[in-house]
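Please look at the sequence and the model shown below, and then follow this short report on parts of the structure.

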Amino acid sequence: MLEIKDLHASINGKEILKGINLNIKKGEVHAIMGPNGSGKSTLSSVLVGNPAFEVTKGSVTFGGKDLLALSPEDRSHEGLFLSFQYPVEIPGVSMVNFMRAAVNEKRKYEGLAPLTASEFLKLMREKRAVVELDNKLANRSVNEGFSGGEKKRNEIFQMAMLEPKLSILDETDSGLDIDALRIVAEGVNKLKTPETSCIVITHYQRLLDYIKPDIVHVLYKGRIVKTAGPELALELEKRGYDWIKAELGE
Amino acid sequence: MRAEQQYIDLFSQCEAMICKHSAEVLNAPRAQAFADFERLGFPTRKQEKYKYIDASKLFEPDYGLNLNRLDIPVNPYEVFKCDVPNMSTSLYFVVNDAFYNKSLTKPQLPEGVLLGSLKELSEQHPALVKKYYGKLADTAKDGITAFNTTFAQDGFMLYVPKGVVIDKPIQLVNILRADVNFMVNRRILIVLEDGAQARLLVCDHAMDNVNFLSTQVIEAHIGENAVFDLYELEETHTSSVRFSNLYVNQEANSNVLLNGMTLHNGTTRNTTEVTLSGRGAEINLCGMAIADKNEQVDNHTFIDHKVSDCTSNELFKYVLDDQAIGAFAGKVLVRPGAQHTNSQQTNRNLCATRDAHMYTQPQLEIYADDVKCSHGATVGQLDENALFYMQQRGISLHEARLLLMFAFVNEVIDTIRLEALKDRLHLLVEKRFRGELNKCRGCAMCK
């Protein structure tokens, strides 16, 4: 589904990603862990086409298409979704108008007619239930005045609405209490199908207790330095990253 | 040649004709106004109040005037099919500066209300009009007001007697209609006696694709406990120049909402002066401008807190695209003794391109010590993070920009106290941002 080859990227001339190689197949859940500043968020930003980052080398194909040649909105239409680490507040734009625009633009891309007002509201109701998102929040401006937990739930709600093929959860667990973490993780699991894949970026094992990864990668200094099964996350939780740095001769 | 000279000559030659086609009450202040105009001339950029717009230059080109009051053939009902229809208002038209008295229906108004041609009502009720006409618009202080008072022959008047409430909003459509480059000097007089209530929506349209210059002076006398809403909506075209001077005086515990919205225009200068003369008066002064191409919008406001315990809320927002120029100057004066004044002023602006310019000048003068006053002004661009967030959700950059711009001005639309108009404006503004507004039938800009 996603194939990343020798990806290099920089911001303001500073190279952050120094040759990433990663293959994600349909139905797989990959966890990416690593110490602060290793490039985890940069990788997610580059994949969704954040213009702040410049790809200097390498290639990414997604569903057979050259991902890097697509605009951010077309990457979304192709089925790529990012749950933002810091969801953006958009005062004055209601959740309803925002989601209607998003859903209908995707439908347009797929050659489908826009949803009618009642179809759309029905869809909103259905998907809200996935993450127990309050109706009041759905009527407010996008993320405005939402608590940290509400923002993250709102991200998963949007994921439910857009039904992506590949979701990237960028530190979705940060700022969540135990209950919110469970609701968010259960939401992600409910949306999981054998056809969809997921990249979970996290610092902690605790999210991975809920969302079980098939493969765990360690990103360090812009490269993937270790790849193993779910047991790697547990080991990192116990031992930290120093032993990996030692293995690398640092 | 100075721009003033042709009008000084014109008045000297045509004074008799101007007076003949107007009313005695309107003629009375003409000589003084003319003397003031000769002394003041048109404003220039050297005057602080007019520094962002070269008024004098805008009056230089040659415009036709209809001093002889020839009937201009037009059926306003044909013209006015486009924009705020079916709003359930009492609908009236002013073509250029003349009240259109061939209305299809005569809306029912409460007893005692006077509404119609300023000239005719001045003839029918000279004592009443004389009491109010020219009393707020001081010709000695502003060249445009002096000019307008010199040449104005007619316009619109609304008088609501003590305690009378007009439920149905009144809509007045100003239509600019001419076959040659044309100047209009229009006058509006509004009187709400104590406890009266009314809501007035004034829309400006330009019907023909010629250059228009209009001056308009509105005087609004708002009595004790009266409630008045005035919405002004400009949808003219890029060859229109508009100077509008609005003077409002509020007595104790009156409540006024003014909202001036510029959706399509050429060059617009709106001056608004509000005097809070009675304790407990409240003014909500709002405005917005959506401008692109070479459009210019200049709002100059002055709120005078003369007495204690008054409230003023001011909110202006601009969205400027292409090479548009916006200006906002807002002065709030809190006079000695005007304690417990509550005054808030906000001006926020978006420049969508590097060539768009915004000038903003908040000005507070406070001579009382127990007051609550604040002001804020910002000029900025669309939030890049919000744009990207929306793109990630599949919304195109173009659409995302529209959503943000729309959200930005929504705050001003939401101050409207008429639900139907609010809904209508949401739609109009969206069409405006999508560039669809000029596809309506009838207006010059469609051709």
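Which residues in H4(A) and H6(A) meet? A:Leu123, A:Lys127, A:Arg128 and A:Val130 in H4(A) meet A:Phe157, A:Ala160 and A:Met161 in H6(A), where contact requires that the C-beta atoms, placed from the backbone, lie within 7 Å. By class, this contact has 5 nonpolar, no polar and 2 charged residues; Ala, Val, Leu, Ile, Met, Phe, Trp, Tyr, Cys and Pro count as nonpolar, Asp, Glu, Lys and Arg as charged, and the others, Gly among them, as polar.

This is a predicted model, in which local features need pLDDT of at least 70 and side-chain atom pairs count only at pLDDT 80 or more, whereas totals for chains, interfaces and linings use all residues. Residues are numbered from 1 along each chain as its sequence is written, while chains are lettered from A and ligands numbered from 1 in the order in which they are written.

Helices are DSSP runs (H or I, at least four residues), as are strands (E, at least two), numbered from the N terminus.

| Helix | Residues |
|---|---|
| H4 of chain A | 117-130 |
| H6 of chain A | 148-162 |
| H9 of chain B | 384-392 |
| H10 of chain B | 397-413 |

The contact between the chains takes 17 residues from chain B and 20 residues from chain A. On the side of chain B that touches chain A, H9 and H10 of chain B are the elements that give two or more residues, and the largest share, 7 residues, comes from H10(B). By class, that side has 8 nonpolar, 6 polar and 3 charged residues.

Notes: Contact = placed C-beta atoms within 7 Å. Axes fitted to C-alpha atoms, helices over the stretch in contact; angles between N-to-C directions.
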